[in-house]
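The sequence and the model come first.

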Amino acid sequence: MTKSLKNALRVWNRPDRAAYLFIAPALAILFLFTVVPLLATLVISTLDMDVFLQVKGFARLDHFSALFQDERLLDAALHTIYFAGVEVPLQIGLALLTAVYVSKNTRFRKFLRSVYFVPSICSFTAIGIIASFLLDPQTGVYPNYLTHLGLPRLEFFRDPTWAMPSVILLTVWRSFGYSMIILVAGIQSIPDSYYEAAQLDGASKAKQFFSITVPMLMPALSFTVITTMIAALQVFDQIFVTTQGGPLNKTETIVGYIYNTGFKMAPYDLGYASAISVMLFILIMAITLVMNQYFLRKESDMA
């Protein structure tokens, strides 16, 4: 063994330094597939470039100034906010209530955990295709049921009024199981002595839920809320499969508009699409930081 190799082993054979060797592969992948594309997007946003990577000139900040004059982008932003503002509370609320019910380790409730969690590991593409068949106004099963019950035959994904609510409900059904599992783990970590003391004091189940479960669940709850919000602001898959942003662009979100601008609509303006992506990144980062600070204050107040 050479002297240089011995010196290297001596330097890195320490717990505080050896840890970097173990996380180095993950950091390399993160840098290659996250940091590099992010920097590339920032550079492309200042160029007049199409999807074929043909650079026509330096756009400076023209793309960013155009963002505030793009009415279709404003509509897409409003649709995204509408989706996130409704889907996130519904998903977290349903996940929390379900988690409280299935947190007991009985055989039946363990089975329910699996049932509720299974949709979250399924592809949104596959779920969207199946939902499109089931909710089709001509051949779908559920519109047919509505007709037999004497109710209006709703068009769901094809109706400008019902398209976004249909996508929201589909997303909640598919995703709430993941949040539920995290919250179940958080509930099971709460000591039973807290509930026993509350019962001795005569506290009702509702009082125990809001005074013990929710405050003690704040770390897990903050994680699920923040990650769900980030996913909601980047919604694309289920809308692309079910509605393609229609009808009448009523379900077109920011990510959908980025796709349409850069890859679907002529002149395939990759520079402008990249500028929108940078704007979305800044928006998500700002909302995440605000929410994180809010939950950190909540957790410190409980300490």
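Q: Which helix gives the most to the lining of the largest cavity?
A: A cavity, on a 1 Å grid over the protein atoms alone, is a set of points where a 1.4 Å probe fits but cannot get out, and lining residues have an atom within 4 Å of a point. Helices (H or I, at least four residues) and strands (E, at least two) are DSSP runs, numbered from the N terminus. In this predicted model, helix 13 gives the most, with 4 residues. Helix 12 and helix 13 are the elements that give two or more residues to this lining.

Q: What should I know about the model and its numbering before going on?
A: Residues are numbered from 1 along each chain as its sequence is written, and side-chain values use heavy atoms, with hydrogens and water left out. The model is predicted: local features need pLDDT of at least 70, side-chain atom pairs count only at pLDDT 80 or more, and totals for chains, interfaces and linings use all residues.

Q: What is the volume of the largest cavity, and which classes of residue line it?
A: A volume is the space filled by probe spheres set on the grid points, which are joined across faces, edges and corners. Here it is about 90 Å³. Ala, Val, Leu, Ile, Met, Phe, Trp, Tyr, Cys and Pro count as nonpolar, Asp, Glu, Lys and Arg as charged, and the others, Gly among them, as polar. The lining has 4 nonpolar, 6 polar and 2 charged residues, including Gln244, Thr253 and Tyr259.

Q: What does the side chain of Thr253 reach, and which residues does Thr253 touch?
A: A polar contact is a pair of N or O atoms within 3.5 Å; within protein, one must be able to donate a hydrogen and the other to accept it, and residues adjacent in sequence count only if both atoms are side-chain atoms. The Thr253 side chain reaches the backbone oxygen of Val235 at 3.1 Å. Touching, or contact, means heavy atoms within 4.5 Å. Leaving out residues up to four places away in sequence, Thr253 touches Ala76, Thr80, Val235 and Ile239.

Q: Where is Thr80 found, and which backbone oxygen lies 2.8 Å from a polar atom of its side chain?
A: Thr80 is in helix 4, and the backbone oxygen is that of Ala76. Thr80 is also buried, at 2% relative accessible area.

Q: Where do cis peptide bonds occur?
A: One joins Gly246 and Pro247, with omega about -10°; Pro247 is in the loop between helix 12 and helix 13. Another joins Ala266 and Pro267, with omega about 10°; Pro267 is in the loop between helix 13 and helix 14.

Q: What is phi of Gln244, and where does Gln244 lie?
A: Phi is near 60°, a positive value in a residue other than glycine. Gln244 lies in the loop between helix 12 and helix 13 and is partly exposed, with a relative accessible area of 43%.

Note on methods: Buried < 20%, exposed > 50% of the residue type's maximum accessible area, 1.4 Å probe, protein only. 1 Å grid on protein atoms, 1.4 Å probe; cavity = no way out; pocket = protein on both sides within 12 Å on 5 of 7 lines; lining within 4 Å.
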